[in-house]
Amino acid sequence: MDEKPSARKGPDFCSLRYGLAFIMHFSNFTMITQRVSLSIAIIAMVNSTQHHGLSNASIEGPLVDTLNNPSRSINKFNTGASVYEWSPETQGIIFSSISYGIILTLIPSGYLAGIFGAKQILGAGLLISSLLTLFTPLAADFGVILVIVIRTVQGMAQGMAWTGQFTIWAKWAPPLERSKLTSIAGSGAAFGSFIILCVGGLISQALGWPFIFYIFGSIGCVCCLLWFTVIYDDPMHHPCISAREKEYIVSSLAQQSSSPRRSVPIKAMVRCLPLWAIFTGFFSHFWLCTIIITYLPTYISSVLHVNIRDSGVLSSLPFIAASSCTILGGQLADFLLSRNLLRLINVRKLFSSLGLLLPSLCAVALPFVTSSYITTVILLILIPGTSNLCDSGFIINTLDVAPRYASFLMGISRGFGLIAGIISSTTTGFLISQVGPVY
C-alpha cells in the first residue's frame, strides 16, 4: 500500500487521464443536478397559492393567448405549468424513492463494472437517468405512482454510474495522482449542487418548472455523447493516448494484480479490518452530510430569517466551498506523497481524520453562535467544505487496498453511507417533531 512507482512522469493537464477526470466531473455534475431538480421544482409543482383540483390534477394556463400576445408577462406564461396536490407524506416518498433505487444497484453494478467494463455500465446509467429526467414532467401528469417509479429507476441508473467510476480509476490513475484525479471528478457533485440551487429557482420562475428537467436532462444527453466518444476502460486501447502517457500509466500500475479471475473473496473482505474502517468512515461521513443537505435551507430560513431568494444563495455557498476543498485536498494529498513527506497510509489517515473531525466540531458549535449572523454562515460553509477532505482519505482508499475490486467495494461503502443518510434524516425529523427546533 505504501510502495511508490518510480516511472517517468507523464504530461499533466494536457493528458487524457485529466481529460477523463473533467468529463467524469461533468458526469457527476449532471447526475447531482438531475437528482436535485425535483427538490427545486416541487416548490412550484405543489404551489399552495395556485388553485388545486383533485389529487394529481393539473391546472393549465391560457397558452394560446400567451402565444398570440407576446407582451404578456413571463409570470403569466408560467401558469401553463401543471400544479399538483401532493401531500407532504407523498412528497417524502417521492424524494426517498431515488435513494432506494441507488441502494438496489450499488453492489451489483460495482461487480458488473469489473466484468463488462465501466464505460458501458456508467454510460448506460447516465443515459437512462438523463432520459428519465426529460420524461419526469410528462410522468407527473399521468400520476404520482409513475413519478415514484421513474425516480426509483433513475436511482438505480445513478447507482450504476456512481460505482462504475472506480473501476476506471483502477486502470487510469497512477498511485501518485489518485487523489488529484478522483477529487477533480468527485467535485462535480458539489459544483452541481451549487449550480442547481443557484439557477433552479430562476429557471422555474422565468420559464416554468418543467424546464428544470428539460435543461438538465438535455445536458445529461450531451454528456453521454462525450462519454461514449472519449472514454475507454483501459489506456492500452485508447486510440488517442500518447506513447509517453501510456507508458507512464502502465508502468506506475505494474505492481497491481492483473489476474482475470472474476470471483470476489467475500470471506477475506469480511475479515479485513481496513475495509471495515472504510465502511465506518462512509457511515459517519454520510450521516452528517445528509443532515446538512436536508435541513440546511430550513436552518438558514429559521435562524438567519432571510427570504427565499437569499436563502437559496446562502444554501448554495457551502457547496462551492465543498467543490473547492475537494480539489485542493486532492492536490495537497498528492503533493505530500510526491515529496515523500508522508507515507500513503498516513496521508489517508490524516485526510480522513480532518474530514470527519472538523465538520463535526463546526456542527457542534452551531447552536452556540446563532446570535452571530456572520459566524453562523461561516460555520455552515465550513461544514461541507472540510467534510469533503474525506475524498482524499477513506473515500478513495479502496483503490489502495483492493484496486481490482474498487467498484464492488465502493458499492458496499456507499450502501453503508446511504443507510446512514436514511437513519440520520429520519431520526432528525423525529427529534424535531418531538422536541421542536432548538434554534
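Is S179 buried or exposed? With a relative accessibility of 0%, S179 counts as buried, where buried means under 20% relative accessible area, exposed means over 50%, and partly exposed lies in between (1.4 Å probe, protein chains only).

## What you are looking at

This is a predicted model, in which local features need a pLDDT of at least 70 and side-chain atom pairs count only at pLDDT 80 or more, while totals for chains, interfaces and linings use all residues. Residues are numbered from 1 along each chain as its sequence is written, and side-chain values use heavy atoms, with hydrogens and water left out.

The pLDDT is the predictor's confidence in each residue, from 0 to 100. The protein chain averages 80 on this scale, and 82% of the residues score at least 70. Residues 1-8 have a pLDDT below 50, and this stretch has 23 contacts in the model beyond near neighbours in sequence. For residues 48-79 the pLDDT is also below 50, with 50 contacts counted in that way. A contact means heavy atoms within 4.5 Å. Where pLDDT is low, the predicted coordinates should not be read in detail.

## The chain as a whole

The protein chain has 16 helices and 0 strands. Both are DSSP runs numbered from the N terminus: helices are H or I with at least four residues, and strands are E with at least two.

Of the 439 residues in the chain, 48% are buried. If you take the contacts between residues at least 6 apart in sequence, 83% of them join residues at least 24 apart.

## Buried residues in the helices

Let's return to S179, which sits in helix α7 (residues 178-206). Beyond its neighbours within four places in sequence, S179 is in contact with G330, A333, D334, R348, S392 and I396.

T33 belongs to helix α1 (residues 16-45) and is buried, with a relative accessible area of 0%. A polar atom of its side chain lies 3.1 Å from the backbone oxygen of F29. Once neighbours within four places in sequence are set aside, T33 is in contact with G192, I196 and F216. S129, in helix α5 (residues 118-142), is buried at 0% relative accessibility. S129 and M31 are 98 residues apart in sequence, yet their C-alpha atoms are 7.5 Å apart in space. Not counting residues up to four places away in sequence, S129 touches Q34, Q154, A157 and Q158.

Which residues of helix α9 (residues 243-252) are buried? E245, Y248, I249 and S252 are. They cover an arc of only 90 degrees around the axis, so they lie on the same side of α9; the arc is that of the directions from the helix axis to the C-beta atoms.

The cover over the buried residues of α9 includes α1 and α6 (144-172). On the face of α9 turned away from its buried side you can find the exposed residues A243 and E247.

## Cysteines

A disulfide is a covalent bond between the sulfur atoms of two cysteines. Here a disulfide is counted as a pair of cysteine sulfur atoms within 2.5 Å, and the count comes to 0.

C390 is buried, with a relative accessible area of 0%. Its closest cysteine sulfur is in C289, and the two sulfurs are too far apart for a bond because 7.5 Å separates them. C240 is exposed, with a relative accessible area of 61%. C362, in helix α13, counts as buried at 11% relative accessibility. C362 touches L379, L382 and I383, leaving out residues up to four places away in sequence. The C-alpha atoms of C362 and I383 are 6.2 Å apart in space, and these residues are 21 apart in sequence.

Most residues other than glycine have a negative phi. N340 is not a glycine, and its phi is positive, at about 60 degrees. You can find N340 in the loop between α12 (308-338) and α13 (344-365). At 58% relative accessibility, N340 counts as exposed.

Note on methods. Polar contact = N/O pair within 3.5 Å; in protein donor to acceptor, adjacent residues only side chain to side chain.
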